[in-house]
Amino acid sequence: MNKLSKFSLLALFISLSLPIYSKGPKYIFFFIGDGMGFGHVEATRLFLDETKSSENLLFLDFPIVTHAVTQSADHRITDSAAAATALATGSKTANYTVGMDSSRTYALTPISKQLKKTGRQIGIITTATIDHATPAGFYATQPDRNLYYQIGKQAAESGFDFFGGASLLKPVNNNNPQDIDLYTYFRKMGYTICNDFKNYDKSAKNGKIVLLYDTLGTKHIPYEIDRKSGTLSLKELTQTCINRFMNNPKQGFFMMIEGGTIDWAAHSNDAATMIQETIGFNESIKVAYDFYLKHPKETLIIVTADHETGGIGLGIKDSNLPISLLQKQKVSEENLSNILYQLKERKSSPSWEDAKEILKKNLGLWEYIPVSYSEEAELMRIFDASFISKRAKDITNLYSTVGPLTNAAISLINQKAHIGWTSNNHTGAVVPVYVIGAEQGQFSGRLDNTDIPNTIRKITGIK
Ligand SMILES: [Zn+2]
């Protein structure tokens with residue numbers, strides 16, 4: 001081998017073993033509040049103000065505050081898969097499509113994969129399952145968001161450094177049950193799977209990690225309103241990921257952190273649960289902000305949403321907004337429904353007084369929130385139809401099925417707080433964008449959701 005070819009081989013070896021030179025912020029946090037429109041944020045701010053909470057929504061004070069348009073390639077109202085694809089790849093696609101063009105023929109490249117090539121570590125975190133539409137947009141290419149097994153498989157093949165969330169929805173391929181189960185597959189691909197966040201670093205000293213609430217297919221980590229202290233939260237997932245990455249900071253990191261269940265509570269038109277989810281989301285942003293304070297020149301934090309859910313309205317009759325009443329709600333709609341189901345199972349013929357006691361204790365109705373004679377008569381009618389004659393059917397929203405009495409009682413407490421909802425689905429409203437940190441000025445002005453990843457590309461020198 002002559003000197004020249006030895007030299008070119010050496011140059012090739014160096015270029016392959018070194019990350020591509022990357023400019024721009026070394027540490028990037030991309031927060032997505034699923035379904036979190038301006039109304040959700042303002043409801044949460046007003047709730048905190050009215051209840052004289054010491055908590056404040058930190059991102060409201062970020063220097064860049066603007067909005068983004070969310071429509072997908074084929075609908076004015078996007079779903080989370082098309083929105084995630086837009087936010088991850090910078091290209092619009094059709095609803096229900098993950099990481100592919102709208103004709104579902106070719107794959108789009110997410111910034112997360114490109115940033116991985118710059119040497120940054122990649123973390124994907126959510127309150128939902130890690131194979132759900134929003135996280136999937138950052139690593140998967142599938143024609144349908146419901147292909148959970150295939151999506152989960154692509155997570156294992158991504159080579160990303162950290163996955164955190166509730167569980168995997170479909171670890172077994174139901175069409176081909178002999179296919180490898182995804183937990184085995186993740187291990188084969190070099191991941192350690194942990195579902196004990198307190199002790200995770202004992203089992204996963206080095207290498208890639210999947211940190212889950214459980215491996216039983218639980219659909220979301222517990223809602224903040226239901227969560228017992230000491231159980232996994234979005235804040236802890238965020239902190240754990242930062243700690244892990246900073247053990248060996250390398251070329252920095254990119255983290256996508258999704259408040260996935262803001263959307264779920266909004267689909268249920270459950271304002272108290274939605275507000276507590278937004279507060280939990282804010283807690284995880286605080287963790288990133290503390291990091292930013294230590295590395296202000298090298299850190300960028302973006303907070304946005306994929307779409308608005310529920311068409312929330314702040315006010316339904318007069319100039320009053322008694323939103324602090326929602327603090328009397330102690331459980332999510334989902335959990336209240338379970339408690340009422342248990343009553344049905346426990347007693348062969350439960351009385352209205354039994355059910356009323358549950359509503360009093362968990363929603364503060366009668367106790368703190370006056371209920372009129374006609375309102376109680378309506379609740380009793382629904383109780384009879386559901387518990388006695390059993391004619392009334394359960395009510396199904398996108399992510400939940402609840403009993404009719406639960407649905408009516410949650411709707412009543414929303415009305416008492418003067419919170420209105422126009423839909424159980426997504427809406428076409430624009431969503432907020434809050435930015436702080438290195439290159440923050442690049443995000444000003446009216447944005448399309450695709451502008452966000454394309455701007456990240458621009459400032460990090462990715463073509
Ligand atoms: Zn949704």
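Where does aspartate 306 lie, and which residues does aspartate 306 touch, not counting residues up to four places away in sequence?

Reply: This is a predicted model, in which local features need pLDDT of at least 70 and side-chain atom pairs count only at pLDDT 80 or more, while totals for chains, interfaces and linings use all residues. Residues are numbered from 1 along each chain as its sequence is written, and side-chain values use heavy atoms, with hydrogens and water left out.

Aspartate 306 is found in the loop that runs between strand β8 (299-304) and strand β9 (308-309); strands here are DSSP runs (E) of at least two residues and helices (H or I) of at least four, numbered from the N terminus. With a relative accessible area of 1%, aspartate 306 is buried, a word that stands for under 20%, with exposed over 50% and partly exposed in between (1.4 Å probe, protein chains only). If residues up to four places away in sequence are set aside, aspartate 306 touches Ile32, Gly33, Asp34, Gly35, Thr70, Thr78, Ser80, Ala83, Leu87 and Thr134, where contact requires heavy atoms within 4.5 Å. The side chain of aspartate 306 also reaches the backbone nitrogen of glycine 35, at 3.0 Å.

Two of those partners deserve a visit of their own. Aspartate 34 sits in the loop between β1 (27-33) and α2 (38-50), and with 3% relative accessibility aspartate 34 counts as buried. Beyond its neighbours within four places in sequence, aspartate 34 is in contact with Ser80, Thr134, Glu258, Gly259, Gly260, Ile262, Asp263, Asp306 and His307. Threonine 134, by comparison, has its place in helix α5 (residues 133-136) and is buried at 1% relative accessibility. The residues that threonine 134 touches, again without those up to four places away, are Ile32, Asp34, Ser80, Ala84, Met256, Glu258 and Asp306.

In an unreviewed entry, UniProt lists Asp34, Asp263, His267, Asp306, His307 and His426 under "binding site". These residues span 393 residues in sequence, yet no two of their C-alpha atoms are more than 14.2 Å apart, so they gather at one spot. A "binding site" annotation from the unreviewed entry also covers Asp34, His132, Thr134 and Glu258. Although that set is spread over 225 residues of sequence, its members cluster in space, the largest C-alpha distance being 11.4 Å. Such annotations may be inferred rather than shown by experiment.

Aspartate 263 touches Asp34, Gly35, His307, Thr309, Tyr399 and His426, once residues up to four places away in sequence are left out. Because aspartate 263 lies in helix α10 (residues 261-267) and histidine 426 in strand β14 (residues 426-427), the pair ties together parts that are 163 residues apart in sequence. Both aspartate 263 and histidine 426 are buried.

Conventions:
Polar contact = N/O pair within 3.5 Å; in protein donor to acceptor, adjacent residues only side chain to side chain.
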